[in-house]
Amino acid sequence: MIMDIGWLIIDYKRARKTETRTVKTNRATESDDATRNEDWSENQTSEETNIIWPENPDKYNLVLRIVVTVMTVGAGGSVCRTIQYTYYFVKSELACTIDRHDEFKKRARRMEIDCLMMNFMEAFLESAPQFALQLYITYAFDRNFTTLRVLNLVTSALSITWSYSAYYRCNGANVNNKEDVKLIPFLIYILSVVSCIVPRFISFVLFAVYFETAGKITVLGVFGIHVFVGFLVIAAKVKPKLNGTVEYLVFRWLFYAFFAYVTFFLFLNLEHHRISETSNDEEANNIRNWFEEKKTKRMMILLYAFIHLENLILASLLVSCRLDLMADGFFVLIVVLIGAVVQLICVSSYYYFFHKTRTSQNAG
């Protein structure tokens, strides 16, 4: 909700600038002499402050803004942006000219990214804790894997996987020098995400369950170190600008904290945010390519190496120190090893065969 309120402020500012430019154009066109233009220029500052709420606003737009604001405060921002996305997409299909089609399609894609970002955050702030909690309850209190509990676990894992992968796919389609992510590589990417998050949850949750107090302290300590170090790296080194997403420092820090939390489970490519994604400049594209092909790949490999190594260490401790739980211990160890191998195969296949930039293709 806080994130959507920040977006609402940005939207209002954009609307205000657009309306201000419209008013300037109309007044300049209707002016009959230079004196009238000069008088308007001197008074424009005081008049523009009320441009977002004009004296005689269009009633439809006024009511719509009030409804959207109320729904946003009520955590309905995702619904609003989904409706807006659908509305602009339909308008783009019904547009009479190519320019209008492109304009509405661009707006629809922006709304689509907003919706996917909201689902992405919701998955990691709701589905991820739910997944961990359901696993903990099942093993800590020796509960049975009922149909409802299995359904909760599966839907939580799928929600995390789909939201993360869909947001990545949509971003990939909107960065100028990347190809759209097609169906087959997208399925491979989804499989790589599943093979990373499921062993991550199982190894940490079962370690916390079977080592009781020491296990909980270890799990919380490792998690806290990950988030703290991730936040420092993102805030001090990567520094994604997040243009069009945030304008105030407090919102930027909230996003940095959320990104750091996500990196406990999966890698996030934030390097390309240092360069404008809408830039067609050749030098900017070359810099972006350098980030993605060199620095970002090393960071991704390093993070996933840490993730799977931590999973393996916890699983090995569980097998060696809790001989009375040999079956569960070996189950965790097998899941961790299979997950590491499957993700290695999927990620390697995806980046070697499918993840190609338009720049490199054109050069070839």
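Student: Which residues in α5 meet which in α7?
Tutor: This is a predicted model. In α5 they are Ala128, Phe131, Ala132, Leu135, Tyr136, Tyr139 and Ala140. Their partners in α7 are Phe201, Ile202, Val205, Leu206, Val209 and Tyr210.

Student: At what angle do the axes of α5 and α7 cross?
Tutor: Roughly 45 degrees, and the axes come within 9 Å. Helix α5 covers residues 98-140 and α7 covers residues 183-210. Angles under 35 degrees would count as roughly parallel, so α5 and α7 are oblique to each other.

Student: Left-handed or right-handed crossing?
Tutor: The crossing of α5 and α7 is right-handed.

Student: Now α8. How does α7 pack with it?
Tutor: The angle is about 140 degrees, with the axes 5 Å apart. Helix α8 spans residues 212-238. Roughly antiparallel needs over 145 degrees, so α7 is oblique to α8.

Student: Which residues make that contact?
Tutor: From α7, Arg200, Phe204, Phe207, Ala208, Val209 and Tyr210. From α8, Glu212, Gly215, Lys216, Thr218, Val219, Val222 and His226. The contact of α7 with α8 divides into seven nonpolar, three polar and three charged residues.

Student: Switching to confidence. What is the mean pLDDT?
Tutor: It is 76 for the protein, and 70% of the residues reach 70 or more.

Student: Where is pLDDT below 50?
Tutor: Residues 273-280 are one such stretch, with 23 contacts in the model beyond near neighbours in sequence. Residues 282-291 also stay under 50, with 24 contacts beyond four places in sequence.

Definitions and conventions
Residues are numbered from 1 along each chain as its sequence is written. This is a predicted model: local features need pLDDT of at least 70, side-chain atom pairs count only at pLDDT 80 or more; totals for chains, interfaces and linings use all residues. Side-chain values use heavy atoms; hydrogens and water are left out. Axes are lines fitted to C-alpha atoms, for helices over the stretch in contact, and angles run from 0 to 180 degrees between N-to-C directions. Helices (H or I, at least four residues) and strands (E, at least two) are DSSP runs, numbered from the N terminus. Angles under 35 degrees count as roughly parallel, over 145 as roughly antiparallel, 65 to 115 as roughly perpendicular and the rest as oblique. A crossing is left-handed if the near helix is turned anticlockwise from the far one by less than a right angle, and right-handed if clockwise. Contact means heavy atoms within 4.5 Å. pLDDT is the predictor's confidence in each residue, from 0 to 100. Ala, Val, Leu, Ile, Met, Phe, Trp, Tyr, Cys and Pro count as nonpolar, Asp, Glu, Lys and Arg as charged, and the others, Gly among them, as polar.
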